[in-house]
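Good morning. Please have the sequence and the structure open while I talk.

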Amino acid sequence: MNKLGRNDKCYCGSEKKYKNCCLNNDNTNKQKEIDKYENGHAPNTENMKIVHEFMSLKYDDHKVIDISDYINPQNYKIFQNKHFREKTIMIVGKTWTNGALFQVKGMENTDVMIMYRGSYRAFNFNNLLQVEQSIDNMMQARLEWKVDKGG
C-alpha cells in the first residue's frame with residue numbers, strides 16, 4: 001500500500017485533498033500517541049499521587065511517569081523498550097483497564113507496579129515503604145546494566 005500524500009484525495013471519502021481534510025487530525029492523533037509513551041498522564045488517584053511523589057523525591061534525577069491508564073498486556077513491552085535506556089520510572093496503579101496485565105504477570109493480588117529498564121516490582125500500595133529496598137535493588141541493578149534477580 002502506498003503512503004498517502006498531502007495532495008492525494010483524503011481516505012475519508014470527502015473528495016478533498018488530504019492536507020485540507022484529515023491531515024491535521026491525523027498529526028494530532030500521532031502526537032497524542034507519542035506523548036502517551038513519552039510522558040504518561042498525571043496521576044489520577046490519591047494513591048498514585050503519593051507513589052509518584054515518593055519516587056520523584058527518592059530518585060530526583062529520574063523522570064517519573066504514570067502510565068496506569070495506557071498500559072495493557074499488548075503494549076507492556078513497548079513501554080519497557082521505549083524507556084529501556086532512559087532514566088524513566090514508570091508507575092502503574094491497577095485499574096479495570098489494565099487489570100489483565102497484573103493477571104498475566106501473576107500479580108493479581110497487588111495494586112501497584114513500578115517499571116524500570118525492563119524490570120518491575122509489584123506490591124500493594126500499603127506496603128510501599130516495606131518494598132522500598134527491593135525497588136532500590138532493582139533500580140541499582142538496572143543502572144549498572146546487571147540482570148535484576150527480583151525480590
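What follows is a short walk through this model, starting with how it was treated.

The model is predicted, so to speak of local features we need pLDDT of at least 70, and side-chain atom pairs count only at pLDDT 80 or more, while totals for chains, interfaces and linings use all residues. Residues are numbered from 1 along each chain as its sequence is written, and side-chain values use heavy atoms, with hydrogens and water left out.

Let me begin with the sheet. Helices (H or I, at least four residues) and strands (E, at least two) are DSSP runs, numbered from the N terminus. Two strands pair if DSSP finds at least two bridges between them. Here 4 strands form an open sheet in the order β1-β2-β3-β4, and the pairing is mixed. Which strands stand at the edges? They are β1 (63–66) and β4 (119–123); each has a single partner strand, so one side of each is left without a neighbour in the sheet. On average, neighbouring strands are turned by 20 degrees against each other, direction ignored. For such angles, axes are lines fitted to C-alpha atoms, for helices over the stretch in contact, and angles run from 0 to 180 degrees between N-to-C directions.

Now the pairs. β1 and β2 run parallel, joined by 4 bridges, and in this pair K63 stands opposite T88 of β2. β2 (residues 88–93) and β3 (residues 112–116) are antiparallel, again over 4 bridges. M90 has M115 in β3 as its bridge partner, and G93 stands opposite V112 of β3.

How many residues of β2 are buried? The count is 6 of 6, where buried means under 20% relative accessible area, exposed over 50%, and partly exposed in between (1.4 Å probe, protein chains only). In a regular strand the side chains alternate between the two faces of the sheet. In β2 both faces are covered, with T88, M90 and V92 on one side and I89, I91 and G93 on the other.

Next is α1, residues 23–39. This helix has 17 residues and reaches 24 Å from its first C-alpha to its last, close to the 24 Å expected at 1.5 Å a residue; the expected span is 1.5 Å times one less than the number of residues. The buried residues of α1 are L23, D26, K36 and Y37. Seen down the axis, they fall within an arc of 150 degrees, so they line one face of the helix. That arc is taken from the directions from the helix axis to the C-beta atoms. These buried residues pack against β1 and α3 (76–82). N24 and K32, on the other side of α1, are exposed. After α1 comes G40, with a positive phi near 60 degrees.

E15, with a phi of about 75 degrees, lies in the segment before α1. E15 counts as exposed, at 55% relative accessibility. W145, with a phi of about 60 degrees, lies in the segment after α5. W145 is partly exposed, with a relative accessible area of 42%.

Methods
Contact means heavy atoms within 4.5 Å.
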